[in-house]
Each structure stands twice: as C-alpha cells, then as structure tokens.
Amino acid sequence: MAQQRIISLFGSTGSIGCSSIDLLQRDREFFAVDTLVAYRNVALLAEQALACHAKLAVIGDESLLPSLQEALAGSGIEVAGGRGAVLEAAARPVDLMVSALVGAAGLEPTLCALGAGVQVALANKESLVCAGHLVKAALCKAGKPLLPVDSEHNAIFQVFEGRNEAAVEKLVLTASGGPFRTLERAQMADVTPAQALKHPNWDMGQRISIDSATMVNKGLEFIEALHLFPVSVEQVEVLVHPQSLIHSMVQYRDGSMLAQLGTPDMRIPISYCLNYPQRGQVPAQRLDLAQIGQMTFEAPDESRFPALALARQVAQLGDGAGTAYNGADEVAVAAFLQGQIGFLRIVDCIEHVLNVLDKRQMLVQPERLEDVLGLDGEVRKLAGEYIANTGR
Ligand SMILES: NC(=O)c1ccc[n+]([C@@H]2O[C@H](COP(=O)([O-])OP(=O)(O)OC[C@H]3O[C@@H](n4cnc5c(N)ncnc54)[C@H](OP(=O)(O)O)[C@@H]3O)[C@@H](O)[C@H]2O)c1
C-alpha cells in the first residue's frame with residue numbers, strides 16, 4: 001500500500017474546500033487529514049473535522065472559538081481560534097497544504113506553509129497577485145513545485161513541457177465569459193447580485209462568481225499565470241470559450257497547441273494536486289465529445305470588460321498594483337453584494353484606487369510582507385471612501 005499523504009485544508013467550508021473534502025473522504029486509505037481551517041462556519045467545520053478524523057480544527061474568527069470547542073467536545077480533536085492560530089496551523093509539518101481561503105487573507109498562511117518547507121496546492125490566486133515575489137522566494141526555499149488548483153493554470157501545468165520552455169510561444173487562458181458575456185454595458189448597469197452570482201458553468205464561492213461576471217477573475221488569473229510560468233505579458237492571451245471544456249492551452253513554436261479538457265468540475269484539478277505526481281480516481285462526469293458536437297471560441301471584448309486591459313497594465317507594474325487590483329475588488333464586490341453600488345462600479349472602484357495610488361507614487365514593488373499588508377490596508381481605505389462617495 002502507498003504511504004498515506006497527510007493533508008491540511010485551509011478554507012475547508014468553502015467551495016474548493018468542500019470539493020477537496022469530497023475527494024479526501026473517497027480515498028481514506030491514501031489521505032489523512034491533519035488540519036481544517038474555516039473563518040465563521042463553525043457547524044460545517046465541526047462536521048467536517050469529525051467526518052475526516054482531523055487532528056486540529058481552527059476557526060479564523062476567534063470569538064467563535066467557544067462554539068467550536070462545544071461542537072467538538074469529547075471528540076479528541078484539538079481546536080484553536082484567531083489569526084495567530086491560523087498561521088501557526090499553516091506551519092505544521094504535513095505533506096500538502098491546500099490553500100483555499102478567499103482573498104488577501106490567504107497570503108500569510110500560504111507563506112507560512114512554504115516557509116516551513118510544506119508543499120502547497122494553491123487555489124488562493126490572491127497570494128500570487130499581491131505578493132508573487134515573496135511567494136516565489138519562499139518556494140525556492142521549500143524546493144517543491146507550487147501546484148496550481150485554478151483549472152486554467154492546472155491545465156497549463158499539465159501540458160507545459162519544462163524541457164521545452166524556450167519553445168513556448170504563448171499561453172491561452174480560456175474564459176467562460178461569465179453570465180453577462182452577451183450583454184451590452186448599458187444593460188450591465190442594473191444587474192442584481194443574484195444574476196451576477198449565477199455562473200453558467202461553475203458552482204463557486206461568492207467573490208469568484210462576481211469576479212467571473214466582471215472578468216476581474218480572468219484579470220487575476222492573467223497575473224497569476226505570469227508568476228507561475230516563465231512567459232511575458234505579451235505571451236498570455238485570453239480566449240472566451242463559453243462551454244468551459246478546454247481549460248487552457250500552451251502553443252509551441254512548431255505550431256503544436258496542447259490543451260487539457262474535462263467537464264467543469266473542480267474536483268479534477270484538485271485531485272491532480274492532491275495526488276501529484278500520480279493521478280487519482282475522480283467520479284466527475286466524462287466528456288462525451290460526440291454528444292457535445294461543438295465548441296465555440298471568441299475574442300474577449302475589452303470595451304465591455306475593461307478589467308482585462310486593466311490587469312495587463314497591473315501585471316506590468318508589479319505586486320503593488322496587484323495588491324491594489326485585488327484589494328479594491330474585494331471591497332467593491334462586498335459592497336455590490338450588499339446593494340451599496342451597482343455592478344459597473346466594481347471595476348470603476350479598482351481603476352479609481354489604482355489612479356490615486358499611482359498619483360501618490362505608491363504602486364512601487366512592496367519589498368516585505370509588512371509592506372504588502374500596509375498597502376492592502378491603504379487600498380481598502382481608499383476603496384471604502386470611493387464607495388461611500390459614489391452613487392450606484
Ligand atoms: N470556487 C472555485 O471553483 C474556485 C476555482 C478556482 C480558484 N478558486 C480560488 O479558491 C479560493 C477559494 O475560493 P472559494 O470559491 O472556495 O471561496 P469560498 O467558497 O468563499 O470559501 C472561502 C473559504 O475561506 C474561508 N475564509 C475566508 N476568510 C477567511 C479568514 N480570514 N480566515 C480563515 N478562513 C477564511 C471561509 O470560511 P467560512 O466558510 O467559515 O467563512 C471558506 O472556508 C479563492 O482564492 C478563489 O479565487 C476557486
């Protein structure tokens with residue numbers, strides 16, 4: 001029997017977290033769960049910890065620690081709460097840490113795991129967008145590849161021939177186009193959070209669903225790709241593919257284009273990371289290409305989705321601009337979900353914050369983690385002010 005793989009799962013109660021739990025539960029002989037981390041969902045975290053026989057359950061919101069203690073009393077499962085406990089848990093010696101918290105909150109745990117020499121499966125793209133240089137420096141120390149969970153980057157990781165790095169012409173990041181792919185900008189002004197959350201192909205957490213509708217998610221992924229693979233801004237292309245069956249492609253200089261295909265089920269890329277370098281068994285629906293018949297493609301329309309062009313500029317400016325792009329979006333998405341601003345104001349808010357910081361010459365490369373966190377705080381303040389002063 002193969003040696004058991006010890007896993008810690010950060011963001012276990014989220015969309016990626018629940019898909020990961022499903023896979024871990026299906027192969028209990030091969031996987032053992034060490035730590036589960038969530039933020040506020042005590043009931044689900046406790047249920048998962050019991051079902052997986054986790055050693056430790058951590059709740060990010062410290063005020064909820066007594067509830068977690070009560071829910072797991074007598075189980076023998078260790079419990080902890082608060083930001084410090086989350087970071088301590090990230091440094092535990094496991095075989096793989098799945099980094100699936102949402103937002104910039106995922107950066108420090110990712111760095112803590114890498115700093116402790118733990119291999120990371122990265123769903124939290126924000127870690128790379130905000131502090132790619134710190135993540136890469138920590139990776140060098142850990143000496144193990146970062147495994148991308150994002151389906152597009154996972155696809156590229158699967159077909160990127162390291163031995164032929166110099167022969168790569170371009171990466172093609174596919175995008176579904178989101179729920180408003182065919183809407184005019186004027187029509188987008190009045191869309192509701194419920195409409196924006198309704199992704200045509202994927203079932204995901206709230207923030208990434210809204211980001212798919214604005215295409216900020218593709219912008220974040222564009223920047224993520226530049227950190228993960230040795231290519232320039234000019235070598236990354238976004239291609240709208242509404243069926244989400246081809247998850248991304250690499251084009252080589254001999255004209256070959258290598259793609260990875262599969263049904264839109266995040267368990268496929270998650271399983272790839274959990275089992276790397278082997279492949280696990282995933283009960284995802286198989287592609288029936290004869291029945292599908294057709295796949296379609298179109299160029300993204302950057303006049304209707306300005307988040308993409310903005311991301312290209314951000315990628316050239318570096319991690320300071322990445323921190324601003326991400327942080328302003330997190331604040332604006334929360335405000336949109338609460339009905340405080342209209343849909344189009346989300347990207348306006350990001351642009352506003354980038355402009356203000358640019359004028360103040362604050363979009364420089366943040367050297368240390370404290371610089372990234374300091375800038376992130378300033379970004380959130382500016383985004384909050386923009387929202388308070390702007391109509392819908
Ligand atoms: N969903 C997808 O299909 C998908 C695909 C590709 C990439 N990703 C990336 O994966 C990450 C997670 O996305 P998701 O859709 O799974 O998000 P989600 O459903 O909103 O789940 C987020 C998870 O993070 C936890 N969390 C949030 N803030 C935290 C904090 N400050 N401290 C500790 N835990 C915290 C939440 O706990 P509570 O539930 O207790 O609040 C929850 O477990 C994001 O970076 C996203 O871009 C997601």
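**Cysteines and helix packing in a predicted model**

The model contains zero disulfides, a disulfide being a pair of cysteine sulfur atoms within 2.5 Å. This is a predicted model, in which local features need pLDDT of at least 70 and side-chain atom pairs count only at pLDDT 80 or more, while totals for chains, interfaces and linings use all residues. Residues are numbered from 1 along each chain as its sequence is written, and side-chain values use heavy atoms, with hydrogens and water left out.

With a relative accessible area of 34%, C18 is partly exposed, whereas C52, at 8%, is buried. Here buried means under 20% relative accessible area, exposed means over 50%, and partly exposed lies in between (1.4 Å probe, protein chains only).

The next element is helix α7, residues 151–159. Helices (H or I, at least four residues) and strands (E, at least two) are DSSP runs, numbered from the N terminus. Seven of the nine residues of α7 are buried, so this helix is largely enclosed by the rest of the structure. The buried residues are S151, E152, H153, N154, A155, I156 and V159. They pack against several elements, among them strand β8 (168–175) and helices α11 (216–228) and α12 (267–275).

Helix α15 (residues 319–337) packs with helix α16 (residues 345–359) at an angle of about 145°, with the axes 8 Å apart. Axes are lines fitted to C-alpha atoms, for helices over the stretch in contact, and angles run from 0 to 180 degrees between N-to-C directions. Contact means heavy atoms within 4.5 Å. The residues making this contact include A321, A324 and Y325 of α15 and I346, C349 and I350 of α16. By class, the contact has 13 nonpolar, no polar and one charged residues. Ala, Val, Leu, Ile, Met, Phe, Trp, Tyr, Cys and Pro count as nonpolar, Asp, Glu, Lys and Arg as charged, and the others, Gly among them, as polar.

Helix α15 also packs with helix α10 (residues 206–214), at an angle of about 100° and with the axes 10 Å apart. These two helices are therefore roughly perpendicular to each other, a term for angles of 65 to 115 degrees. Q206, R207, I210 and D211 of α10 meet N326, D329, E330, V333, F336 and L337 of α15. This contact divides into four nonpolar, two polar and four charged residues.

Note on methods: Angles under 35 degrees count as roughly parallel, over 145 as roughly antiparallel, 65 to 115 as roughly perpendicular and the rest as oblique.
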